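Biologist: I'd like to learn how to read strand pairing and a metal site in a model. Could you walk me through one?

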Amino acid sequence: MGGLSRLVAVAANTFRETVRERVLYNLVFFAILMTLSGLLLGQLSIRQDEKVLKDIGLAAMDFFGTLIAIFIGVGLVSKEIERRSLYPLLAKPLSRGEFFLGKFAGLVFTLLVNIAVMTLGLYATLLATGRGADPGLLAAIYPIFLGLVLVVAFAMLFSTLTSSALASVLTVGVVLAGRFSDVVRNMREVLPAVPTWVVDGLSAVIPNFRNFDFKDRVTYGDPVPGDVLLWVTVYAAVYVTIVLGLGLASFRSRDFQ
Amino acid sequence: MAEPSPLLTRGLSKSYRVGHIRQSLHPALIDLDLEVRRGEILGYVGPNGSGKTTTLKLLTGLLKPDGGEAWVFGQPLESRAWRHRMGYLPEHPYLYDYLTPSEYLDYAGRLFSLPAPVRRKRARELLALVGLERSTRVPMRRFSKGMVQRVGLAQALINDPELLLLDEPMSGLDPLGRRLVRHLILDQRKAGKTVLFSTHILSDAETLCDRVAVLRAGRLVQVGALGEMLRPDVAHMEVLVEGPGSGLPEIEGEMRREAVGDRTRLEVDEKALARVIVAVDAAGGRVLSVQPVRQSLEEHFFQEMGGDDGGGNSWEG
Ligand SMILES: Nc1ncnc2c1ncn2[C@@H]1O[C@H](COP(=O)(O)OP(=O)(O)OP(=O)(O)O)[C@@H](O)[C@H]1O
Ligand SMILES: [Mg+2]
């Protein structure tokens with residue numbers, strides 16, 4: 001019971017940090033982008049443009065969301081370690097596990113707020129330009145959010161292992177490799193020197209981030225069945241559990257020098 | 001049943017890995033056996049790099065020991081129950097820039113599961129205690145180093161701990177701040193608390209501590225009351241003389257002579273005091289003051305550690 005309240009305290013403070021350190025400013029860019037596209041496309045008012053607007057909105061959510069996930073996932077964890085702000089906290093009854101999971105919860109909440117505000121922005125733009133608020137978009141937004149949670153888990157894992165600079169590079173690497181998984185599979189055609197087991201290992205370990213991409217399907221108006229969404233949820237949950245578990249183990253065993 | 005001592009270590013050791021490719025082990029703390037007694041102020045002194053911070057990080061769980069054991073209030077280090085009874089100030093603390101001191105202390109209080117009214121009350125009291133009552137609503141981004149240090153002290157006291165571990169509590173503080181910390185530490189003892197603080201400023205240790213533990217290159221070289229450590233038999237007298245200048249002849253038992261303006265400062269053996277007064281009088285001078293000089297902790301350590309150290313440790317650092 002005390003453990004949970006400490007975890008919540010860490011999560012709340014993490015969210016407060018993202019607000020105070022102006023991480024959520026990305027929302028301003030999103031708002032500007034949406035307003036501009038709304039204004040431009042609104043003048044044309046052809047039926048086709050509804051798809052364009054949705055495409056832009058979802059792609060922007062995905063892009064800004066991923067950027068923020070990498071930024072806060074690496075930044076807010078590395079900073080605690082590198083600037084040593086967690087020293088006085090870890091000497092208190094707070095355990096390392098509570099700290100790590102509290103941090104994760106706070107970051108996930110930040111992402112949720114981010115996605116929620118962007119979703120509202122997208123719907124507002126659609127309504128303002130005289131289009132309907134298509135609830136089907138949520139079937140693409142929810143998997144985007146799952147993907148972001150997984151990105152944060154990777155970023156936290158790398159932050160416990162190495163410096164913030166290298167952790168950012170590694171996280172970006174995982175995201176790219178996971179989105180363009182054929183690149184990894186075809187790596188040997190470009191770099192024949194790479195042993196097979198490295199390629200096989202990488203493609204087996206790195207999650208396929210395209211499993212979270214329903215953008216095209218949704219904007220074409222294809223419904224996404226519930227069991228597909230359930231499957232994606234399980235896929236994300238399994239990966240997040242493993243990656244977060246590794247991060248936790250590494251965070252628990254390390255020295256704070 | 002006797003109460004277990006607040007802190008006990010047996011053979012506590014830690015080495016750091018240094019170098020990237022050819023790694024080697026650098027011992028930072030070697031076989032530390034230390035007992036802190038209930039209700040005492042223990043000074044943990046040693047030159048830069050002697051292992052003070054390493055010890056405190058081991059005790060608070062930030063580092064894992066390579067060997068040895070430690071008990072806090074009789075409970076092993078790995079058990080976490082004792083953490084409710086302990087307060088820790090890290091060396092050069094960094095607290096969150098974006099929080100105000102009140103918010104930080106509230107956060108710290110939540111980690112001890114203190115109820116909200118208690119947190120508010122303690123935060124207010126502690127910030128007043130460290131002299132920050134007028135900056136409670138200012139983000140710490142705008143704080144000076146000494147102000148952050150003061151918040152660091154306040155957060156170490158949020159749970160009214162029975163054992164305080166302070167890593168260089170006076171560092172970065174102005175004279176007023178240092179006095180404040182001295183009073184704070186003494187008040188803690190008065191309230192029955194136990195304090196261990198590290199410092200390499202010996203006069204701080206000298207004015208505060210019941211006992212000091214002396215560390216050198218990772219090894220504990222001495223523990224004890226200052227009175228025992230500073231041999232009383234080397235006591236001598238400082239005599240301040242006005243007048244005779246160079247007319248004053250060399251006196252038997254004189255240890256040192258120094259001109260201070262038109263005055264002369266003499267350091268003499270206690271037994272030579274009568275001869276000095278007679279000699280000064282004969283030379284037409286006047287004795288202004290006579291003061292016993294006890295060997296200071298600083299002198300003691302210069303004697304003990306000076307010169308042949310070899311470990312790269314120096315008081316100047
Ligand atoms: N992160 C680290 N990596 C490698 N060696 C370290 C590390 N931290 C400390 N050391 C070494 O361990 C030894 C003890 O350092 P420690 O910080 O405990 O000294 P200290 O007594 O606190 O010194 P100071 O008075 O300067 O604060 C030193 O020789 C130092 O070089
Ligand atoms: Mg130190």
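Biologist: What is the strand order in the open sheet of chain B?

Modeller: Keep in mind that this is a predicted model. The open sheet has 4 strands, in the order E12-E13-E11-E14 (chain B), and the pairing is antiparallel.

Biologist: Which strands are the edge strands?

Modeller: Look for strands that pair on one side only: here they are E12 (254-260) and E14 (286-293) of chain B. From one strand to the next, the twist averages 20°.

Biologist: How many bridges join E11 to E14 in chain B?

Modeller: There are 7, with E11 (residues 236-242) of chain B running antiparallel to E14(B). Take Val241(B): its bridge partner in E14(B) is Val287(B).

Biologist: Now the metal. Which protein donors does the magnesium ion (ligand 2) have?

Modeller: Thr53(B), through OG1, and Glu91(B), through OE, at 1.9 to 2.3 Å from the ion. Thr53(B) sits in helix H1 (residues 52-59) of chain B, while Glu91(B) is in the loop between strand E6 (86-89) and helix H2 (101-111) of chain B, so the pair ties together parts 38 residues apart in sequence.

Biologist: Is Glu91(B) buried, partly exposed or exposed?

Modeller: Partly exposed, because its relative accessibility is 23% and buried means under 20%.

Definitions and conventions:
Residues are numbered from 1 along each chain as its sequence is written. Chains are lettered from A and ligands numbered from 1 in the order in which they are written. This is a predicted model: local features need pLDDT of at least 70, side-chain atom pairs count only at pLDDT 80 or more; totals for chains, interfaces and linings use all residues. Side-chain values use heavy atoms; hydrogens and water are left out. Donors are N, O and S atoms within 2.8 Å of the metal (3.2 Å for Na, K and Ca); water is not among the atoms, so sites may look incomplete. Helices (H or I, at least four residues) and strands (E, at least two) are DSSP runs, numbered from the N terminus. Buried means under 20% relative accessible area, exposed over 50%, partly exposed in between (1.4 Å probe, protein chains only). Two strands pair if DSSP finds at least two bridges between them. Axes are lines fitted to C-alpha atoms, for helices over the stretch in contact, and angles run from 0 to 180 degrees between N-to-C directions.
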